[in-house]
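Hello,

Here is the structure I said I would pass on. My notes on it follow below the display.

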Amino acid sequence: MSLATGATLLAGGSATMLGAASSTMPSLATNSVWKLGGDLPVNRLGFGAMRITGDGIWGWPPDRDNALKVLRRAVELGVNLIDTADSYGPEVSELLIAEALHPYPAGLVIATKGGLTRPGPGQWEPNGRPEYLKGCVEKSLKRLRLERIDLYQLHRIDPKVPMEESLGALKEMQGAGKIRHVGLSEVAPEEIERARKVLPIVSAQNRYNIGERKWEKTLVYCEKEGLGFMPWSPIGGNRGLKPGDALEAAAKAHGASVVQLALAWLLQRSPVMLPIPGTSSVAHLEENVSAAKLKLTPQEWKTIDALAAQGG
Ligand SMILES: NC(=O)c1ccc[n+]([C@@H]2O[C@H](COP(=O)([O-])OP(=O)(O)OC[C@H]3O[C@@H](n4cnc5c(N)ncnc54)[C@H](OP(=O)(O)O)[C@@H]3O)[C@@H](O)[C@H]2O)c1
């Protein structure tokens, strides 16, 4: 698969093929780098390290060497934002990251999370009790072989624990120098506002992709407030993207895959967008990372946006 054909098409006549004319063109994001928390420059296309564990995000992967290869290749390709969580495996994803990449290259940002426990494969239960969360931070530091975690995200707000108490624990860890920045996951704008009364929040990580835009308001809030927005399942996760024929045809016209088109669409959607596609495959990783090179014209972007909204 090559993007060369796509580039030619982009420079040439693909807009004619794709585009219904419109007077209002979106202004598309062109920045390749975003400063997380205002001080950590990251290339906007990151890597999600959830899929390098065993089935059901449980235990060790069937091919451990391959998982290490995927992580090392991501960094070689210029990825410097890796998302993980203590619950991936559990523990396995963080351990593999340290095994593959420690001592870490300068500028590599590892974003981890805590606040979800794992009763078994495919099962996830929130625990936002302050003492538990403080223990999670300490254990992630050990597994990742770090003195400070650049971005620590509260994986879920625990409905049984007031958010202020959970975040109070993270604030304490930040005060002790164990966390640099704090982010949230699966949150509405009102929840971010409430959290910001406790401590600064630099990012939100919510499920979002070309076909699933339930969290649009959170994205808009992040844009307005200058927070990073890390869409999880940016290429549809377990469910895939289920593209229709029109999206398939649009991808083909760009010499790209639907996954690449979906990632390019995301990256251009907002300057604060930090997609973290996950994979257990070097070939898929290479395909995903090269999507950052695919540039859509405003007309093409708008047409693809509309196609996806109609179910492709
Ligand atoms: N905050 C949260 O609650 C939350 C929840 C879920 C995930 N996350 C984070 O978000 C990251 C991404 O989410 P995700 O893994 O659910 O979804 P995703 O990145 O949208 O999709 C990953 C799936 O797509 C496949 N895939 C990857 N690249 C592909 C390609 N080029 N062509 C075809 N298939 C491809 C992968 O299989 P292969 O392994 O075969 O490539 C995997 O099954 C995770 O790694 C994790 O860091 C966060």
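**Overall fold**

Please keep in mind that this is a predicted model. The chain's secondary structure amounts to 12 helices and 11 strands. With 312 residues, the globule rule gives 20 Å, and the radius of gyration of the chain is 19 Å, close to that value, so the chain is as compact as a globular protein of that length. Taken along the principal axes, the box filled by the C-alpha atoms is roughly 60 × 45 × 35 Å.

Of the 312 residues in the chain, 47% are buried. As for contacts between residues at least 6 apart in sequence, 76% of them join residues at least 24 apart.

I then looked at strand β8, which covers residues 149-154. Six of its six residues are buried, so strand β8 is largely enclosed by the rest of the structure; the cut-off for buried is 20 or more other C-beta atoms within 10 Å of the residue's own.

Strand β5 (residues 109-114) runs parallel to β8 and is joined to β8 by four bridges. In this pairing, A111 is opposite L151 of β8.

Strand β9 (residues 179-185) also pairs with β8 in the parallel sense, over five bridges. Here Y152 is opposite V182 in β9.

Regards

Technical notes: Residues numbered from 1 in each chain as written. Predicted model: local features only at pLDDT ≥ 70, side-chain atom pairs only at ≥ 80, totals over all residues. Helix = DSSP H or I, 4+ residues; strand = E, 2+ residues; numbered from the N terminus. Rg over C-alpha atoms; globule rule 2.2 N^0.38 Å. Buried ≥ 20, exposed ≤ 12 C-beta atoms within 10 Å, placed from the backbone. Contact = placed C-beta atoms within 7 Å. Pairing = 2+ DSSP bridges.
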